[in-house]
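This report examines selected parts of one protein model. Please look at the sequence and the structure before reading on.

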Amino acid sequence: MSLESLNQRVAQDLAFLAYGGADWIRPREHAEGHIYDVVIVGGGQSGLGAAFGFLRERISNILVIDENAAGLEGPWETYARMVTLRTPKHLTSIDLGIPSLTFRSWWEAKAGSEGWAEVDKIPRSEWMNYLRWYRQVLNLPVLNEVKLTLIEPADEGIHRLHISGAGAPSNELLARKVVLATGIQGGGEWHVPPLIAEKLSKHLYAHTSEIIDFEQLKGKRIAILGGGASAFDNANHALAAGVSEAHVFVRREQLPSVNPIRQMEQSGMIERFHVLSDEDKYAAISHFFKYNQPPTNDTFNRAAAWSGFQLHLQAPWLDVEMKDGKPVVTTPQGRFSFDFLVISTGMVSDPALRPELRMVEAHIARWADRYEAPTEQRNDLLDAHPYLSPGFALTSRDEEGEHKLRGLFVFNYSALASCGLSASAISGTRNAVPKLVSAVADQLFLDDREQIMQQFFEYNEQEFTATWTKSGVGI
């Protein structure tokens, strides 16, 4: 099957499902301009999947905005440096149950069923190509190079979105509901330890989430802080680009070997996480945080095969200083001088770190506001996560914030504590998108409940118009 044939099959499958019917939501008017029923912030895999989900629910007055150029949404061709995805290839995601929209269908349209059988793990760049195709074949309404700078609650359940960027049609958008599908970094910020950020000039280090010009580091010695999968992705990428030595420093005695995500994919925990009590949710995610996602065996072996690769276990960084223009790292094993540092220390999720939420952040409930964990489980990083509804809606600390927060939904990594593995991983998307879409649609319906009920009671269109004429007399 060719891609052209697959596109036709997608159209036919959607037609069989009566996709594209008339909207059921009553349009609203505003003196400042058009009101979208939903604006999705983020055009990566979560935002695209959510957009398709809304269209399937006959909610078409939507818009997706993304700050990146078209085709560069998400991490896949910016700061992601793995060769292949870590997610098993057979797991489905934003196809939402439509076989012709799966990655496998797209791949086999290009390479045939034999080509699919030969795939071990999905190549990272091909996943991005699949997302580009998905957006195109579904004709999703995405505006690129549009950055959300501020969410301002307005009257009558409207949010005024302040935007900027080359693709912005104006300075503001109006929306009844806002979905923050802003990826891993969208719930907080990438973490660089103060030990580094406060002591070194920025040109001497970069977080793995940043664009790093490894071409400028050819022949140089670099150090990578962190023992998770990303550290080894970056080591391999750097060595392949010509870095002479890449030293990975890990505080643990051994590299993590257990990946809790694999158990979650098989146990029902991804699908049913929302029915757990707060106690169980907290215990599960606190346990999850004890493990960095380990590198896959092929990723580790690929990095370790380079002659310039070095692994330092039980080697936390005790001090970092600059000497003779170079960063010098002190560990229990001694002092090491490098040309550049790569920081793979993850991120911190906290609404207070998001500038677009500064007008509402003080009202947002965190886990620390709703649940006091046992001492042995307590985790400050988890406590700072927003406390969300099972449908990804922000909840309020106080009565004043309930009105301001209504209509704001968080569909990024910070939803992990409340909603489990959802928008934070490809393996969670298949189950998370329908929950999000249903929750947003429910709110839209309840917001218009009075008018909808009135229309129902006043409905008087005659459907039965047949008449019966007696044809004869019985015995």
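The sections below describe a helix, a pocket and several individual residues.

## Basis of the report

The model is predicted, so local features need pLDDT of at least 70 and side-chain atom pairs count only at pLDDT 80 or more, while totals for chains, interfaces and linings use all residues. Residues are numbered from 1 along each chain as its sequence is written, and side-chain values use heavy atoms, with hydrogens and water left out.

Helices (H or I, at least four residues) and strands (E, at least two) are DSSP runs, numbered from the N terminus.

## Helix α7

Helix α7 spans residues 260-267, and its buried residues are P260, I261, M264 and E265. Buried means under 20% relative accessible area, exposed over 50%, and partly exposed in between (1.4 Å probe, protein chains only). These residues lie on the same side of α7, because they cover an arc of only 140 degrees around the axis; the arc is that of the directions from the helix axis to the C-beta atoms. An α-helix has 3.6 residues a turn, so residues three or four places apart point the same way.

The buried residues of α7 pack against α8 (269-272), α9 (278-289) and α15 (426-447). After α7 comes G268, with a positive phi near 90 degrees.

On a 1 Å grid over the protein atoms alone, a pocket is an open set of points where a 1.4 Å probe fits, with protein on both sides within 12 Å along at least five of seven lines; lining residues have an atom within 4 Å of a point. The lining includes L255, R262, T296 and F300, and its largest share, three residues, comes from α10.

T296 is placed in the loop between α9 and α10 (297-304). With a relative accessible area of 15%, T296 is buried. Its side chain makes a polar contact with the side chain of D298 at 2.6 Å. A polar contact is a pair of N or O atoms within 3.5 Å; within protein, one must be able to donate a hydrogen and the other to accept it, and residues adjacent in sequence count only if both atoms are side-chain atoms.

V410 belongs to strand β17 (residues 408-410) and is buried, its relative accessible area being 5%. Leaving aside neighbours within four places in sequence, V410 is in contact (heavy atoms within 4.5 Å) with L180, L388, F392, L394 and A415.

One of these partners, F392, is found in the loop between α12 (380-383) and α13 (399-405). F392 is buried, with a relative accessible area of 1%. Its phi is near 75 degrees, a positive value in a residue other than glycine.

## L138 and N139

L138 is in helix α4, whereas N139 is in the loop between α4 (124-138) and β3 (142-144). L138 is buried at 6% relative accessibility, while N139 is exposed at 65%.

Apart from neighbours within four places in sequence, L138 is in contact with L14, Y19, F52 and L101. N139, a residue other than glycine, has a positive phi near 55 degrees.
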